[in-house]
Amino acid sequence: MSLLTENQKFWDRVTELAHQNIGQQAFEFFIEPAQLLSIEKDVVNILLDSGMKKDYWRKQSDLITTAGFEIFGRPLTYSLYAKDELSSNELNKLTSIDNVAETTSSETIATAPIANGLNEKYIFENFVQGPGNRWTLAAAVAVADKPGDTYNPLFIYGGAGLGKTHLMHAIGNEILKDNPTAKVKYVSSENFVNDYVNATRKNQMENFENTYRNLDLLLLDDVQFFSDKEGTKTEFFNTFNALYDKGAQIVLTSDRIPQELNNLEERLVSRFSWGLTTDITAPDYETRMAILLIKSESSRLEFPSETLSYIAGQIDSNVRELEGALNRVEFVAKANGITVVDIETASQALRSLKNATQQSLSNLTIKKIQDEVANYYHISFSDLVGPKRPKEIAFPRQIAMYLVRELLGTSLPAIGTAFGGRDHTTVMYAYRQISDKMKTDIEVQKDIDSIKRKF
Ligand SMILES: Nc1ncnc2c1ncn2[C@@H]1O[C@H](COP(=O)(O)OP(=O)(O)OP(=O)(O)O)[C@@H](O)[C@H]1O
């Protein structure tokens, strides 16, 4: 029997099962107009006439699972497409896919469709280009154009809230626009580790590997938070190799350069440099203004340019905070029935935002700062406050002392006591060292920024 007939048989069985289980009207409305596009490995691609029917179909996994077992001897997952959500180009591409089932696969099949994790809001079109992100944006566009070809892996690093995640999602969304059946997955490093741990616990490693090693595009965010446990590191290494070897695209982000990822193995870090490592730095004034302009357009309020300029002048190192400031101003304006937002309103709103930040710092303690710093640099608390002096420990210690002084205003002798009874001149030296670096060293700025975000 040909594979094509097998597919048809499978689809006939799906509709037959549906007929038996649901009412005639629902059957005619939801099931009959649906079309089988293709069956690729474990995934059945189904085309609906309307996107509003997706919810109904999402609840019909039993039909697909049962028919999958009956015809192919294994459960299948499914992906839904809707004619009214696709451009004619996308539709043509989809409907020209050969209806070939790869029935030879002996892999264990996941029972739920793979969620790609993408946020559709993050696209290239609404990413504002500026001197701080120009090259990274160009690289991201090139990767989306020719995944697996131009820069593989693409490693994006930079400080908090500067658009790394936005660009990652934009790559995924763009690739799916060109190829809706591409297997794309966005995942934070933390969730990758969670998925792995859950899979080992539930004895579902084959599922895990099926999900991750069959991707066309893996977007792995914040690799600095990757667990340093042996098992997960090895799994990540193997996943990386499997994807790279089959030409799948890998995009990674981090708040620091690969060489400073102490949590990952050397052999993995060295692979990151096979592709392109590129950074994003803080937006200049013009870029901040352009971002504010775009974001304020979606509000029903009017923002004269001097107000936007005022906001852009207040927050200069983090786009997420810039957005937060704009939201805050919008909120205060709306609460006061203001439609044209003047500088006075903006400054009032941002004053209360600063107060709120101070409020959150009021719960901060020296111990909390020490713990976060130790955690960030993957050293123990006792090393941080202990006598050891190698650079990997002395530098985090200086950072922690700087933060305690900066955020809590603690006296130098008291800081010395909290760090293992050190002399106040040592603390002063540490504070000066880091203050100087903060003016010129982008890596130190990024580290401090990331640690502060934890508080
Ligand atoms: N150039 C830009 N144009 C438009 N929006 C931007 C730009 N840069 C950042 N943003 C917006 O700022 C917010 C924060 O960006 P994003 O989450 O991508 O930062 P990040 O670098 O991944 O930060 P983190 O390291 O903290 O995860 C998002 O809402 C994003 O859309």
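**Helix packing and ligand shell**

Author: Helix α8 (residues 189-201) packs against helix α9 (residues 205-213) at an angle of about 150°, with the axes 7 Å apart. This is a predicted model, in which local features need pLDDT of at least 70, side-chain atom pairs count only at pLDDT 80 or more, and totals for chains, interfaces and linings use all residues. Residues are numbered from 1 along each chain as its sequence is written.

Reader: Why is α8 called roughly antiparallel to α9?

Author: Angles under 35 degrees count as roughly parallel, over 145 as roughly antiparallel, 65 to 115 as roughly perpendicular and the rest as oblique. The angle is about 150°, therefore α8 is roughly antiparallel to α9.

Reader: What makes the contact of α8 with α9?

Author: D195, Y196, A199 and T200 of α8 and M205, N207 and F208 of α9 make the contact; two residues are in contact if their C-beta atoms, placed from the backbone, lie within 7 Å.

Reader: Why is α12 called oblique to α14?

Author: The axes of helix α12 (residues 285-297) and α14 cross at roughly 45° and come within 11 Å. That angle makes α12 oblique to α14. Residues R288, I291, L292, K295 and S296 in α12 meet V319, L322, E323 and L326 in α14.

Reader: Which residues are closest to the ligand?

Author: The closest are G163, K164, T165, H166 and V319, and 19 residues surround the ligand; a residue is near a molecule if its C-beta atom, placed from the backbone, lies within 6 Å of it. Both α7 (164-178) and α14 (319-335) supply at least two residues of the shell.

Terms used: Axes fitted to C-alpha atoms, helices over the stretch in contact; angles between N-to-C directions. Helix = DSSP H or I, 4+ residues; strand = E, 2+ residues; numbered from the N terminus.
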